[in-house]
Number of protein chains: 2
Amino acid sequence: MLTISNRGEQMPPSPIRKLVPYAEAAKKRGVKVYHLNIGQPDIETPPAIMDAVRKADIKVLEYSHSAGNESYRRKLVQYYKSVGIPVNYDQILITTGGSEAIMFGFFCCFNPGDEVIIPEPFYANYNGFACAAGVKVVPITSNIKTGFALPPIEDFEKVITPKTKGIIICSPNNPTGYLYSKEEMEALKTICLKHDLYLFSDEAYREFCYDGDYVSALHLTGMDQHVVLMDTISKRYSACGARLGALVTKNKQVYDTAMKFAQARLSPPGLAQIMGEAAIDLPESYFDAPKAEYLKRRNTIVKRLNAMPGVFCPNPGGAFYAMAQLPIDDSDVFCQWLLESFSYKNQTVMLAPASGFYGTPGLGKK
Amino acid sequence: MLTISNRGEQMPPSPIRKLVPYAEAAKKRGVKVYHLNIGQPDIETPPAIMDAVRKADIKVLEYSHSAGNESYRRKLVQYYKSVGIPVNYDQILITTGGSEAIMFGFFCCFNPGDEVIIPEPFYANYNGFACAAGVKVVPITSNIKTGFALPPIEDFEKVITPKTKGIIICSPNNPTGYLYSKEEMEALKTICLKHDLYLFSDEAYREFCYDGDYVSALHLTGMDQHVVLMDTISKRYSACGARLGALVTKNKQVYDTAMKFAQARLSPPGLAQIMGEAAIDLPESYFDAPKAEYLKRRNTIVKRLNAMPGVFCPNPGGAFYAMAQLPIDDSDVFCQWLLESFSYKNQTVMLAPASGFYGTPGLGKK
């Protein structure tokens, strides 16, 4: 009999997938559905970077270098310098979205059966890449009462085994918006150095910090070999559909290994690289407007949620997500109810149930 | 100690990688190097499909559906119908190049330790995806004397074990140009049905057949559940840099599983999908000029190679590759010599040593 692979069977579907039919049914009933369930910015993609594609004189749209066009990588060096990250162009590998950077990192650094620690709630798709790579995700729980701050180092120590090979963080965080402080980043450094762990740092939301300073994993000193930075232009320039990211590391062995995976898939998308390169020439002031808009929205939603009886929403220091505790028993049921039975002036919202962002069964219900 | 994963260590580098420094050195010496080593068409990308991107009115470049835009998939149904392949839009999953279609297929259908049979010489990057998925490639050797025809069915039977899960073919073939006949495709069907194997069919060169008719794996009747078709617009429309392909299958379980991998990486490139959609509107006559040009080149190279003493080059029925037997001992040394020591009127050629396309050590030397 033809069979599906074990990893194919174990591969988790998108956690919001089961809600999609309810959203579609609501729309068919004429209800306006606001999609708050996905990190898809509605801020305009900078016209200048779209124009760069329109004006590009392309006779043959060729494969680029497997690591991405050298011209783009050299311009990214300037960009990273502007955010305090000193790297060379040959430490930057251009990927098809941040997704491919995550995948390359997992495949290069972890064996099947290896364990990675991720503070939960976490970006649900890490589960998918872990499943593809045969890696076991070990969650440690951050608490809504502290705004989802880094769990205490003792919690990491408790779950570290000889199979533990890395820690994955995302700051500012998807889905909590929490921004790790300098102290928290230093604590991560200490534990990675002590146990010789990779620190995978997803920095997709770098530009959107509202309270406190952004600290990159590559700002930390004395742990260059440990850091694998995963980046993307998706959120930075409202260009999710471009599918353009980067894996950045000073660990030459990791870089060279990732290059072999990159060569197998030939090259990252060509037109997107034109956008990415043009984006470096945007004025520094470009981020002022989107950041102000996201800040205004954050303040509105956090204030209004906390004004509701029984609701608690910590104030996210960055990104554009908010995670709230509601007076409910089951977030999946609640999100379905919002689509199926609730409307206000013929409108409703689609939310992502928090349960999909936890590795520990039973969490995220409220 | 921080370690690289086993699969990262085992991951094969690009087989022409070691020649790159010699090509660069030749260029530095002022020698013009013709790159015959890579399947990068120099035929112009159809201006109409580049214009479609230029004229697209995009305010926010959003994620597309994980399976690709429905409008594009529906247009591809027309395209596949025009080449005799009846499929529905929900049997087409848009991928980031043919590469991602190969990867999704491997991850969905094969477990680590499973075996896939591939007639050699074969597209070298299958090795990379097999390594990433932990799949063992079992080569069976096709012979240059028959123009690299399908090896006899007995050769397949000899290597089939309980671990064998699939056969991978590419017709017209990269790197041999061989075009499988109806009889050869029927023989593959027989063996796949007998042993319940997947037939992975890489049909990147469908439009470029010069002698005989193209037979798709999806032209075969009675084996819909077995076929996973891997496709790309890279060669069809000289659009390698777009990174746009497709996985096409009527096996719903394979499709649904591939969708979970597709959801994890969110979406295929957006601008490329605009190109792909516009390409369906090109007139049928579009292929006349590129096909005539490739045919002229084939005839020239095959004739001139065979006119050289000790050289034999079979006549490729399709694609745009040719594989020749030369009066040499070691194709790697010869290809290096062409770059390092040979020039004619200050010009030379970069070739891909055949050794890189064989799974059996020691083959491809001549």
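**View 1. A:Ala322 in its loop.** In this predicted model, A:Ala322 sits in the loop that runs between α11 and α12 (331-340) of chain A; helices here are DSSP runs of H or I with at least four residues, strands are runs of E with at least two, and both are numbered from the N terminus. Setting aside neighbours within four places in sequence, A:Ala322 is in contact with A:Gly177, A:Arg298, A:Ile301, A:Val302, A:Cys313 and A:Pro316; contact means that the C-beta atoms, placed from the backbone, lie within 7 Å. A:Tyr178 is 144 residues away from A:Ala322 in sequence, yet their C-alpha atoms are 9.1 Å apart in space.

A note on reading the labels: residues are numbered from 1 along each chain as its sequence is written, and chains are lettered from A and ligands numbered from 1 in the order in which they are written. As this is a predicted model, local features need pLDDT of at least 70 and side-chain atom pairs count only at pLDDT 80 or more, while totals for chains, interfaces and linings use all residues.

**View 2. Where the two domains of chain A meet.** Chain A splits into domain 1 (6-44 + 286-357) and domain 2 (59-283), with bounds taken from an automatic or database domain assignment. Here, 31 residues of domain 1 of chain A are in contact with 32 residues of domain 2 of chain A. On the domain 1 side, α1 (6-10) and α11 (288-306) of chain A are the elements giving two or more residues, and α11(A) has the largest share, with four.

**View 3. Chain B against chain A.** This time 64 residues of chain B are in contact with 63 residues of chain A. Which helix of chain B gives the most to the side that touches chain A? That's α9(B), with seven residues.
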